[in-house]
Amino acid sequence: MANVNREILRVEGLKTHFFTDEGVVQAVDGVDFVLHRGETLGIVGESGSGKSVTSLSLLRLVSRPGRIVEGQLLFDGVDLTSISEEQMRAIRGDRISMIFQQPTTALNPVFRVGDQIIETLTIHQGLQGNEAQQRCRELLTMVGLPDPERRMRQYPHELSGGQCQRIMIAMALACNPELLIADEPTTALDVTIQAQILDLMRALREKIDTAIILITHDMGVVAEMADNVIVMYAGQVVEYAEVKQLFANPLHPYTIGLLNSMPVLGDVRDELAVIPGTVPSLINPPVGCRFAARCDRRFERCTETPPMVEPEQGRRVRCWLYR
Amino acid sequence: MGLLSRRAAAFALLALILPILAACGGTPPAAEPVVRETVVVVQTAEPIVVTATPDPDQVVEPTTEGEPADEADEPAAAAPSGAFSTPHPILSDVRVRHAIAYCSNRPELIESVYPFLSDEQKEELLMDTFLPQGHWALATENITTYPFDLERGQELLEEAGWTGEPVRSNEDGDVLALNFTTTNAQFRQTWGAVFIQQMAACGIQVIPTYAPGSWWFGSTTGLARREFELGAFAWVGQTDPAGRTLYACNQIPLPENNWEGQNYMGWCNERASIAITAANNTLDRDERIRQYAIVQEEFTRDMVSLPLFNRLEAYAASNNLVNFRADPTEYYTANAFEWELSDGGDTVVIGLTQEPATLWTLIESAAVQRVVSFLLGVPATTSYTYDFQPFGLTQLSTIENGAAVNEEVEVSEGDTVWNTDGEAVELAPGVEVVTADGETVVYESGTLTMMQLSVTDTWVEGLTWEDGEPVKQADFELAYKIDCDPDSGAVTLAVCRSMADVEFHDDVSYTVTFYPGVQWPTYFSGLLTFYPSHLVLSDGRNLADVPASEWSSLPEVVESPLSSGPYTIESWDKGQRMTLRANPNYFQGEPAVSTIIVQFVADTNQAVAQLLTGEIDVLGSETLGAGTEVEMVIEAGEAGTIQAFVVPSSTWEHVDMNLYRR
Amino acid sequence: MSVPSSAAMPELKPARSEGQWAIVFRRLRRHRVAMFCFVVLIGMLTISALAPLIAPFERDEPNLRARFLTPMSVDNDGNLRLLGTDHLGRDYFTRLLYASRVSLGTAFFATFLASAIGITLGILAGFFGGWVDVIVSRTLEVIASIPTLVLLLIVVTVFVGREEDIPIPRFVTSIFAGFFAVQTREANIVLLVNIVLALFGWTVTARLMRGMAMSVREHIYIEAARALGASNFRILVRHVFPNSLPPMIVDFTLGVNAILLAESALSFLGFGIQDPTPTWGNMLNNAQNYMFQHPWMPLIPAMPILIASLAVNYFGDGLRDALDPRQRG
Amino acid sequence: MTTFLIRRFVQMFFVTVVAAFLSFILLYLAPGGPIDELRGAQRQNDGMSRVDQTDVQRVRERFELDFYLPFRFSRWLIGWPSGPIFGAIGADWQVGCSIPGQVRLVYPDGRVEIIEEGCEVPLTLASIEDRRVSNGVFFGDFGLSQTILRDRPVMTLIMSRLPYTLSLMGTSILLSILIAVPIGIYSAVRQYSRFDYTMTTIAFIGSSLPSFVFGIFAILIFSILAQRAGLPYLPSGNASGARDWVMPYFGRIEAGSLVDRGLRFIMPVGVLTFINIAGWSRFIRASMLEVLQQDYVRTARAKGVKERMVIIKHALRNALIPFITLLAGVLAALFGGALITEAVFNWPGLGRLFIDALGRHDYNVVMALLFVNVVLLMIGILIADILYTIVDPRIRLS
């Protein structure tokens, strides 16, 4: 591991549960990974696999009735789970920032976008007045919005989805964060805009040396952006690999399923291969392998809980097949 | 936009019209050929006597005691023409009416509303005829009384063919059920509930309707249209018994006479009818007593209207108030100049439910206005205990003491006389008048002898206005001029129109001569009043020069009138209170209590709360009413918190029985 | 380029095998306060339905020797008066039972009527737009621009006492009389008050429904349904209505509460349903005349109003929570 | 914007006129009224106060009952007709009926009925020339009071009550907002906490009983029982005392002094505020809950905005948007007063005046109050609409 000393985030045994009337929802149930500066980590999985909760857990933004019940979040050597709320708040938006799925709803409709960006600058850098305006213009220019002067005075509803996402990115990058969490940054956008945003993110990654956690259910995005990939299923990490390895040789049957359901350019199949069944209830998750019920390669052993194994260097999978 | 709004308006109107149509009655009369005759409008609110009096032979109450009525079985045959000619299948039978009277336990009804009274006190409230106990015209002989007698009542019902349990029915299977209509006042609902139980004990099913007073007493609804079988309400008894419009044959409201009259029962007893008309056409008190005795005899025998009891009225005053006088027929402020405060205080706060609309007595007759006007003026007479006492007058201007003269005069065609419709008209053929011997005749030709009344009122010397100016002849003249001017806004001008001549003698006396035929029963109680003719208005004009039509909007008349009474207006906070100060120039001397504050409190609970917390010193019957608060006041009085005054009021409850159906 | 997934559903939504209503019911069942209130309401309705069986005394039977008895006292005949007696010595418990029938009946029936009017007009206005919308909206504005209580006052004064003139078919009155356990004659005025309350209570529902219908109209599947040749009526019934139902139910509970209060307020001002037909409102109004001497009296009829109203409120609240798609769990 | 305003004004105009006309009709449709009262006064009279046709006619004239309804309305609205047009045209045009005609119907079965039908003496434009007429509501003249303060301008009457209603309603509305908004916010932020449950219960109780119940119990407890117990008590009603009074432990309180007025202010304001808070805090809570679930709130948190600021700046501003709709009625409420609460506490405000006027058939006063109420409501809605565009940039007036 060449960049050991560049480690920025180490997640160990993260468990985030939701305490509902119906029972405890084990939304994130033991997630471990390490992230280095400048690295982009993709987290993929279906809806309900716990990837978004994982990202919110990193910022300690899980709202009631959810809470982090176990695990360590070592950010630059500091355990985020044990610091005070005030310390955590100082980190949010400054050293760790986040981009959300729905850019249009993620911006406050009653404030001008400029003010929303400046708010971040004011909180973390104490910038005010012209200084802040100036910095804001720079940021808008940086994310490729022409005529920043005018944009700043506009309200979110006056902007398109793509423009809003650029604003979000500008806001997230305002303080040159060490870690950027992008939760489905392109899902809500149409395809051409998606590409533009991804290009933008790639360009910015080159420019500012920030680590990125990219959460998506879109394998294409992962392929394009990520260095390493975590595949999540039912609150657990089922596979971890370098992106090329993963696409070249997926190990976990779920990963294989995910990749098969990905449309290929020029392919005119009417329907994509769909993984049959649905994500199981996380209140009483099935004993043993959580994917077993949907897995076409399941066998007796799958009724026991599979451990994380490392069949290759830098590659981990949670499946009895590789034991 | 315009078009759309028009549609909206049309829609809204449609929505409105539907209920109106519904309210007008679902079923229009069948399309029969109808002869339309245009009627000459009669200029009075009295019934159209000539054209619409029902033929007495046909409508006379058909049954007498011991002669069973069988109209119920064959209504069509016996039915004369016209509406309300179908005898009521149940109530037209006098035995049923008697049974209802016997079955009603009136002390128990009193008990339900006034449980705190002793048996003797309840006895005092009981009424057997339409006059209260102690009234000068009350008959004691020949009247039928109906003490509570369940067996007698049941016997009568059996006799009339109503049998069975628990609700009686007749041979045809008709149930003995009657609708009972009255207002939704809690007081009536209270005794109504007990009345229903009492009837049920006799096997009579009584079904109540407690309607809003606005419907029950409306001019085109409820009582006025005789929409009831048993109907309960109250009359306010007066010093003069009157009663012609209640019990005379020609006072039955019918569609034929445009619903004129107040004989809602449809009771036409010829003897009673003649007697009541006669009683109201003479000024001789003995003759009146005789005639009223006849009416009461027939009234109680036919039992068309069951008199129940006098109501109670309560007054409350704080403990330190001395000389408070509560009376059934006079306002409690009539002797305010005699009030004193035993603890040396200087202020009395009176609570009133309503704010007077104006302080000009001529155009407003509400009780609250009267309460205040007694503080600001000098009444000619007071009317304590069902009688009159001179106050501003030196004496009652009666015939007996020579102040008034009632003479026979000869009248002939062309003379102005007072006709039976209450109009001053020129005597001409066709005019109906009452002659000197009390007969109603239609004039044809020649001369008639009629009674002509002339009254001389003499006021006491020394009446002064608050500014020290003495009351003088011009003041009386001004009052006569304004009060009898139709533009003044006066409610009624009947008395003015009946005056043939007014002669002013000096600063305290005048003589009024009426047209022949005018026989006002209360002629002796003061006919004119006085206004400050010397008053100069804020705009520089003299009050005496202001036309009558403007008076009702002059602040100097309606808001801060010049007082001649015991108190003067200091301020009037609209919606809150009036502050009055003792008048040093009052002819009886300056009152002992220096300030009277009249506080307006609309809600009774609130008024009582203020009385209990000592904010208000005096609450009159117009606030305390006759119902639930009476008991509260008595309890507080017994506890010593306040002085409580409970007097039998002149208002009496009764149940009318409608003898006919529409 | 995306994985087909149930993207529209929130993250933690478990399997969608259950129907939407089943989920709502499941959530509601777990809302303990709401369920408790539901049970209370059902209990009250049951008791009121059984009033004639439970009532220990005659409804209108006065007993002048047993007036103003305090709760739990024994009258001169040795009968226990559970909740005391009123100013006529009528048994409070008995009257409350019958009153619950009229009051709850009115609250539910009038609200139902108002909702029916409001839903129909609201849907029509929202769905068809144009002049239908203009008429409905303006009518709404006009009605809403005059204070409700005032309108009620005027209208009730116009009609009360003339209820027999209102062409209501006899069988309707009879059904009503049975439903409210009152005499046929009394039923007229009960029905009238119901209708009046409903006629002025529909505006909120209509406004809400109009908005719902408008948004549903814009929804894609309506377009699809129309493309498939569904008639307007069919679209209304099959799509617009069911989709607008959840907020309507919540609105209904609020309406029930409002009508309960409106009925009492009418009685306070001396209109509304009259004694001897007992309603909680007119019993409360009667009782407050005696409150200085017998302060406990207004409490007796106030309690059921409070309880019923609280129950309806809490239940509505729980229902709103359960119907909220964002609600977790 | 201009087009919007013009369209809105036209709309408001029509709604106002229709609402006014509707109330006008309803008002005159209501049973009772001056003629009934006149006849009531005549009941069992002694003859001297007997009312005849001319008396009836005078009363009809005073209350304008001899005009046909549309003309009555237009006289009230714009002061027309007040006589022949330009002094000459249409002198004999009929606008009402002085003396209604009577028709005797003789049915074939012999029944006879007299009904009022047609018109015996018509009311023409010429015959109303001398009548007093207001300039019309449209020109700011509400005419004269008919029974409450007879023949004095309605405006005087309203102005005498207005300060009391304004102070009562203003204070209670302000207090309600000041209290309800924080409670609503806190309840939403701490949803399902003990505080939330308590507030919910209190709010539900506040909206579960008719307002008069709170009023009479307040009087019973804080006035009557407190005074009986010898404790300091609150006066049961009125806006100011008629005379000085003594409060245990505090001593003499001067009538009309600030203390006196203040003490009398407490109960009505308290009751109104309580009821308002009950409703509004629930409203704010629901609205806030909705907003707190929005993405932008999460964004704000992710930006590192302090939680307080998240609530106050980001969430509240959005949560208050629907609250504006509620406040649209405030203007009308400020003026209209609280009918029942004013009656219970004998507060000399416009609400009590309204009930009084309704009961005493002072049509001009009732209509004036209704009309102003409708107009203020319309203005309130308009202001709310404009306010929306200020608070919520997404909304444009179009």
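Analyst: Start with residues 365–391 of chain D. This span is 100% helix and 0% strand in the predicted model. Its end C-alpha atoms lie 37 Å apart.

User: What makes residues 365–391 of chain D a "transmembrane region"?

Analyst: That label comes from UniProt, in an unreviewed entry. The record also places the feature at other residues of chain D, including 12–30 and 164–189. Such annotations may be inferred rather than shown by experiment. For residues 164–189 of chain D, the model gives 100% helix and 0% strand, with the end C-alpha atoms 37 Å apart.

User: Which residues of chain D form one aromatic cluster?

Analyst: D:Phe21, D:Phe24, D:Tyr28, D:Phe63, D:Phe73, D:Trp76, D:Tyr363 and D:Phe371.

User: Why is the pair of B:Trp216 and B:Phe217 called tilted?

Analyst: Stacked needs planes under 30 degrees apart, and edge-to-face needs over 60. The planes of B:Trp216 and B:Phe217 are at 45°, so the pair is tilted.

User: What is the label for B:Phe233 and B:Trp235, and why?

Analyst: Edge-to-face. Their planes are at 80°, with the ring centres 5.1 Å apart. The cut-off is over 60 degrees. Both B:Phe233 and B:Trp235 are buried.

User: Is B:Trp216 buried or exposed, and why?

Analyst: Buried means under 20% relative accessible area. B:Trp216 has 0%, so it is buried. B:Phe217 has 27%, so it is partly exposed; that class lies between 20% and 50%.

User: How do you know that helix α11 of chain A is mostly covered?

Analyst: Six of its eight residues, 253–260, are buried. They are A:Pro253, A:Tyr254, A:Thr255, A:Gly257, A:Leu258 and A:Leu259. These residues pack against β3, α9, β9, β10 and α10 of chain A.

User: Why are α19(B) and α21(B) called roughly parallel?

Analyst: Helix α19 (residues 604–612) and helix α21 (residues 628–638) of chain B pack at about 5°, with axes 12 Å apart. That makes α19(B) roughly parallel to α21(B), since the label covers angles under 35 degrees.

User: What meets what between α19(B) and α21(B)?

Analyst: B:Thr604, B:Val608 and B:Leu612 in α19(B) meet B:Glu629, B:Met632 and B:Ala636 in α21(B). The contact residues divide into four nonpolar, one polar and one charged.

Methods. Residues are numbered from 1 along each chain as its sequence is written. Chains are lettered from A and ligands numbered from 1 in the order in which they are written. This is a predicted model: local features need pLDDT of at least 70, side-chain atom pairs count only at pLDDT 80 or more; totals for chains, interfaces and linings use all residues. Side-chain values use heavy atoms; hydrogens and water are left out. Axes are lines fitted to C-alpha atoms, for helices over the stretch in contact, and angles run from 0 to 180 degrees between N-to-C directions. Helices (H or I, at least four residues) and strands (E, at least two) are DSSP runs, numbered from the N terminus. Angles under 35 degrees count as roughly parallel, over 145 as roughly antiparallel, 65 to 115 as roughly perpendicular and the rest as oblique. Contact means heavy atoms within 4.5 Å. Ala, Val, Leu, Ile, Met, Phe, Trp, Tyr, Cys and Pro count as nonpolar, Asp, Glu, Lys and Arg as charged, and the others, Gly among them, as polar. Rings of Phe, Tyr and Trp (its six-membered ring) pair if their centres lie within 6.5 Å; planes under 30 degrees apart count as stacked, over 60 as edge-to-face and the rest as tilted. Buried means under 20% relative accessible area, exposed over 50%, partly exposed in between (1.4 Å probe, protein chains only).
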